[in-house]
Each structure stands twice: as structure tokens, then as C-alpha cells.
Amino acid sequence: MAHDRAPVRGDRTEPAHRRGRSTVLQQHRDAVSRVIRAMRDRLDEPWTLSRLAQVAYLSPFHFSRVFRLVTGTPPGRFLSALRMAEARRLVVSSRMNVTDICTTVGYSSLGTFTTQFTEQVGVGPGRLRRLDAAHGDRPLEHVVAAGTEPAEEDEPPGGVVTGTVHTPAEDPRLVLLGLFPTPLAQGLPVACTSVTGDGPFAVTGVPEGTWHLLACAHPEAVTVGEVLAGVRDPDVWVGVADAPVVVRPGRTTGPLAVRLAPARPIDPPILTGLPVLPLAARS
């Protein structure tokens, strides 16, 4: 006589619909990872949405939605960030002139490249080279001491953003936090701070508005030059607040939780030096 399978207490067999959803999500991640590898390998190529979608084996419309779902960033903006990350590395770690760097990363107009570089990195190529020459060999912790530093010295008092940093390991890394207009760490933060390891933070002098709180932590003994060049990005921990932060003058927003995790290949590159650029520029 056949018997129905009795329910087993603690049976954690995943339902079929959840397994199917997990499979689709993994397929999407694999497709996006394949596209990002192609971008990195051929930055100088004139990528279009259609060509990127072909690499992913998806329609352009579906690919654009999937890419943004996986990375949090549109494909065109992600490609631009990759190009600028490589340009930044070449500016800091090579003797190539700016014109050659411009063409190497896929730009045909030097003026457009310089403008985009300044907007996304926070300073122009020449300024970045001078900062590296002046501060590149210094340990990051000697330039950025734990504590709050607004991006602009003459900004009037603004709001305060508070919270707690959670790191993935007991490692006393210097954690850099900055507030940005978009979910990408590009340009100079409107305000920033740094803390060591797990613990509370407070960013003061934050202008009124809606901002994205982004954080990163570099390995111990990293130099300013390595941070500016991004040459150790695979060892970086990154994190972001769960939602945009709305700041009002004279008010405190928080507490927020920022959880750091090792950077993944699908994470957009960190183009800004977070507090490094504004602090080094004033030192």
C-alpha cells in the first residue's frame, strides 16, 4: 500500500519556484559578468547597447534591465566608469601622455575625455599626477586620520549623518565613507569621514539634499598612490547604505548601517579617492 510522504520537521528542501528564481538570477549574473569581462578586455572598442546585449545573449531592452538589476548601474555608465578607472590607473602608474591615455581607453576627443575624467575622478589628469607625486608614497593612514572632514572648507554648517560600520572580518582597516549625488563613487564627495574598523561614524557639514552614502576599506599599509590608482581594488571592501539619505540643515539623519563586503567583479569601480583627494589637495 502506497503512503504519502509524511512531512519532516526541519525539512529545508527549497520549493521548485524558488529554485527556478535562483537559477534565473544566477544566469543573469553570469551574463552580466561576461559582458563586464568583455568591456574590461576591450575598453577602446566603440561598444553600443546592441553589441553588449549580443555578448549577454539577450535583447537590448531586456539586457539593459538585467544589467541595472545586477549592478545597480546602467551599462553605459558602468562602461564609462571602467574606462575612467583604467585612465586613472595609467595617469598614476605610467608615463603615458594624456592624449595616448585618452585613445587607449576609447575616447576620440581629448576635450571630452578630460572633462569626463575631471567629473568622475574629482580632479583633472595633470592634477592627479601632481597629487600622486606629492603624496603617492605616503601610507593612507598618515594622510587620512580617523575623523570627519567635509569636502569643502568654506561650506556653512549643514546636517549630520550618523551610523555604524560593519566589516566582514576583525581587521582594523581604515574605512572611508563619503556622500555622493549618485550610487557611484565618482567625483569629490559632498562630505566625508573615516573610521577604523567596526564602529560608529558621523559625517558633519553635509549639504541639504538627497545623497548616497558609500564606503570602502583598503588593506592595511596601502599607500595613497595605490588608492589613487586603484591597483589593489580586488582587496577592497565596499558597502553602501540601504537607501538614499535625505539631509536637512541642522538635523541629524540616522543611525544608518553600512555593511562592508569584498568587492566583486560586478561592482562598479571606485573612481574617487573618497577623503584622499580633498585631504591631500589641502595638505
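How many aromatic pairs does the count come to? In this predicted model, the count comes to 4 aromatic pairs. The close-ups below start with one of them and then move on to other parts of the chain.

View 1. A pair of aromatic rings is described by the distance of the centres and the angle of the planes. Phe67 has a relative accessible area of 0%, so it is buried. Phe78 is also at 0% relative accessibility and therefore counts as buried. Look for Phe63 here too: ring pairs link Phe63, Phe67 and Phe78 into a cluster.

**View 2. Helix H2 has buried residues along one face.** Helix H2 spans residues 49-56, and its buried residues are Leu52, Ala53 and Ala56. Seen down the axis of H2, these buried residues fall within an arc of 100 degrees, which means that they line one face of the helix. An α-helix has 3.6 residues a turn, so residues three or four places apart point the same way. Just after H2 comes Tyr57, with a positive phi of about 60 degrees.

**View 3. Helix H6 also lines one face with its buried residues.** The 12 residues of helix H6 (residues 110-121) reach 16 Å from the first C-alpha to the last, close to the 16 Å expected at 1.5 Å a residue. Which residues of H6 are buried? They are Phe113, Phe117, Gln120 and Val121. Viewed along the axis of H6, they fall within an arc of 80 degrees, so one face of the helix is lined by them. Just past the end of H6, Gly122 takes a positive phi of about 115 degrees.

**View 4. Two arginines sit over tryptophan rings.** The charged end of Arg51 is placed over the ring of Trp47, at 4.4 Å from the ring centre. In the other example, the charged end of Arg173 lies over the ring of Trp237, 3.8 Å from its centre.

**View 5. Three strands make an open sheet.** Strands of a sheet pair through backbone hydrogen bonds, either parallel or antiparallel. Here the 3 strands follow the order S5-S2-S9, and the pairing is mixed. Strand S5 (199-206) and strand S9 (252-259) stand at the edges with a single partner strand each, so one side of each has no neighbour in the sheet. From one strand to the next, the twist averages 25 degrees. Strand S2 (residues 159-166) pairs with S5 in the antiparallel sense over 6 bridges. To find your way along this pairing, look for Val161, which stands opposite Val203 in S5.

**View 6. Two loop residues, Pro207 and Ala243, come into focus.** Pro207 lies in the loop between S5 and strand S6 (209-217). Its relative accessible area is 23%, so Pro207 is partly exposed. Pro207 and Val190 are 17 residues apart in sequence, with 7.1 Å between their C-alpha atoms. Ala243 is found in the loop between strand S7 (237-240) and strand S8 (245-247). With a relative accessible area of 44%, Ala243 is partly exposed. Ala243 and Leu213 are 30 residues apart in sequence, and their C-alpha atoms are 8.4 Å apart in space.

Notes
Residues numbered from 1 in each chain as written. Predicted model: local features only at pLDDT ≥ 70, side-chain atom pairs only at ≥ 80, totals over all residues. Heavy atoms only, no water. Buried < 20%, exposed > 50% of the residue type's maximum accessible area, 1.4 Å probe, protein only. Helix = DSSP H or I, 4+ residues; strand = E, 2+ residues; numbered from the N terminus. Arc of directions from axis to C-beta. Phe/Tyr/Trp six-rings, centres within 6.5 Å; stacked < 30°, edge-to-face > 60°. Lys NZ or Arg CZ within 6 Å of the ring centre and 35° of its normal. Expected span 1.5 Å × (residues − 1). Pairing = 2+ DSSP bridges. Axes fitted to C-alpha atoms, helices over the stretch in contact; angles between N-to-C directions.
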